[in-house]
Amino acid sequence: MQEAKLDFDFIVIGSGFGGSVTAHRLTEKGYRVAVMEMGRRWTPENLPATNWLLWRWIWRPRLGLRGFFNMEPFRHAVILHGCAVGGGSITYANTLLVPRDSVWENGSWAELADWKTEIRPHFETALRMLGVAENRILGPADHILKRAADAAGVGHTFYRTQVAVFEAPEGEPGGKTCPDPYFGGDGPERTTCIGCGGCMVGCRYNAKNTLDKNYLYLAEKHGARVFAETRVVDVAPLNGKPDGSEGYEVRTEKSTAWIRREPQRFTCRAVVFAASALGTMDLLFRLKQKGSLPAISDQLGNRVRTNAESLIGVRVPRSREDLSKGIAIGSGIYIDQDTHIEAVRYPEGSDAMGLLATPLTGGRPGWMRILFWLLTIGGALLRHPLHTVRCLHPFGWARESLILLCMQALDGHIDMRLGRPWFWPFRKTLMSRGKKIPTFIPQANDFAAKVAKLTGGTPMSMLTEILFDVPGTAHILGGCPMADSPEHGVVDHRNRVFGYRNLYVCDGSVLAANLGVNPSLTICAVTERAMSFVPEAGEGGAFFTAETQRRREEEAKDKA
């Protein structure tokens, strides 16, 4: 009788790569699913034409900015992430790479499963669902990257990226609308890519394979309900059962409201946290501290990783070629075994990120580097005043810039905690701690200098790296590490939260090693694996405890 009174079987918090995979697979198995998404729903018709329209690009609802992209400043990194129905897929660069096998041999998940064997079919499923194919649209920036790689002696490592974009056959122009090309007519119609470079400002031409056109689209079509602009503020066990064995109540409010928060209460048998690494950590910390979910492991917030990234680039004032044309990330190279660089771009006219660009500066982090930076700018203004001014002002930045995203597969981590910053003690917020993340990758800076010499441009880096010794990253991982026990992690090898029944985490926070590549595909594959263990609705096994499930597995082994 109790189950009949519940609003849903599963409530999924977040609609990004983990949340959308979860919603689709659970509806496919016959469960009643709700998806709570803090961001707005976007379509080709309402996406901004340029990122200068800050109120439709940046997500800061308390400031009246209701876009889909956000930059969260921490002591150790500026974290770039998305917030929308479809999560980060709306604004990510649609590059999907399988990490090296070595990542499964490192971190707290290393001995939990035969990862290399088990995860392979789930990667194949995710690649098919996301419509991933080798990029066929190489723009001027990609050709420059290839020439620079040849000059540096690493031209043989040049590769076209694997992208989630619907592209026309080789030699055919883009812009052609076709019936669903991926799901036998069950999906929406699509339009072939025109190579405008606008992937990260939201695809306005129906070519990018965002989650609202595959996983989430199919989930909604088959019964899942998506509650947009809805922030989850509480998750607590029902009926006085502290382990959640009787289900959960989930309380929400309208995320874009200033005064009328429109609180709602839902009940469900199971909850899946999939609000991104940052969102899930923040929410779980609050639930643990307020006593709603006090048994969450004390490992929460530990071993948070980035891809050891650095955003550098080259600006070529009055470039004869439009460097914004192509796919957002169309190609890449490896400059050594642990370091690879990808060519990145924004569409022409979307120059807002140019406000963070500044001339590349060497030197050790700290006040000496700031001094070198000032001397660099001063010397450049004296020698080439017009050229330097053109490099420093943002207008024309997207058309004239080759952005280089450098990522390293080197392990290292920071920790996150919920606390009160000294400058705003009125509200708790996530705060980073631990060793500083390097902002100076010498081999990447050397390569940027070579590209600048090749093109006649000026090497650039992010202003935050120079002034604050803080790198920018779009790839935040960990914080709810997968492990063998609550003494070492937050979830088990099937993404189940230790200490609770029917509570899961399915997003980048469970990843236990530095991937060295864009993590979206790995999040999908790990979530596909987690959902493969959930039985069909009606089979009676979906809501066992993790301990019961492990005992049954051991019993089955003994019988075998």
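**Note on sheet and helix packing**

1. Strands β5 and β6 form a hairpin, with four residues between them. Helices (H or I, at least four residues) and strands (E, at least two) are DSSP runs numbered from the N terminus, and two strands pair if DSSP finds at least two bridges between them. The model is predicted, so that local features need pLDDT of at least 70 and side-chain atom pairs count only at pLDDT 80 or more, while totals for chains, interfaces and linings use all residues. Residues are numbered from 1 along each chain as its sequence is written, and side-chain values use heavy atoms, with hydrogens and water left out.

2. Strand β6 (residues 78–82) runs parallel to β25, and two bridges join them. Ile79 has Thr473 in β25 as its bridge partner.

3. The protein chain as a whole has 15 helices and 27 strands. Along its principal axes the C-alpha trace spans about 80 × 55 × 55 Å. For 560 residues, a compact globule would have a radius of gyration near 24 Å, and the value of 23 Å for the protein chain agrees with this. That radius is taken over C-alpha atoms, and the globule rule is 2.2 Å times the number of residues to the power 0.38.

4. An open sheet of seven strands, with antiparallel pairing, has the order β8-β18-β19-β21-β17-β24-β20. Strands β8 (159–160) and β20 (357–359) stand at the edges with a single partner strand each, so one side of each is left without a neighbour in the sheet. Three bridges pair β20 with strand β24 (residues 458–462) in the antiparallel sense, and Ala357 stands opposite Met462 in β24.

5. Helix α6 packs on the sheet and touches β18 (329–336), β19 (339–344) and β21 (401–408), its direction making about 15° with that of β18. Helix α12 lies across β17 (310–315), β18, β19, β21 and β24, and runs at about 15° to β17. Contact here means heavy atoms within 4.5 Å; axes are lines fitted to C-alpha atoms, for helices over the stretch in contact, and angles run from 0 to 180 degrees between N-to-C directions.

6. The axes of α6 (residues 140–151) and α12 (residues 442–455) come within 10 Å and cross at roughly 110°. The two helices are therefore roughly perpendicular to each other (65 to 115 degrees, whereas under 35 is roughly parallel, over 145 roughly antiparallel and the rest oblique). In α6, Ile144, Leu145, Arg147, Ala148 and Ala149 meet Phe447, Val451, Leu454 and Thr455 in α12. By class, this contact has seven nonpolar, one polar and one charged residues (Ala, Val, Leu, Ile, Met, Phe, Trp, Tyr, Cys and Pro count as nonpolar, Asp, Glu, Lys and Arg as charged, and the others, Gly among them, as polar).

7. Helix α9 (residues 367–383) packs against helix α10 (residues 385–392) at an angle of about 130°, with the axes 5 Å apart. The pair α9 and α10 is therefore oblique. Ile377, Ala380, Leu381, Leu382 and Arg383 in α9 meet Pro385, Thr388, Val389 and Leu392 in α10. The residues of this contact divide into seven nonpolar, one polar and one charged.
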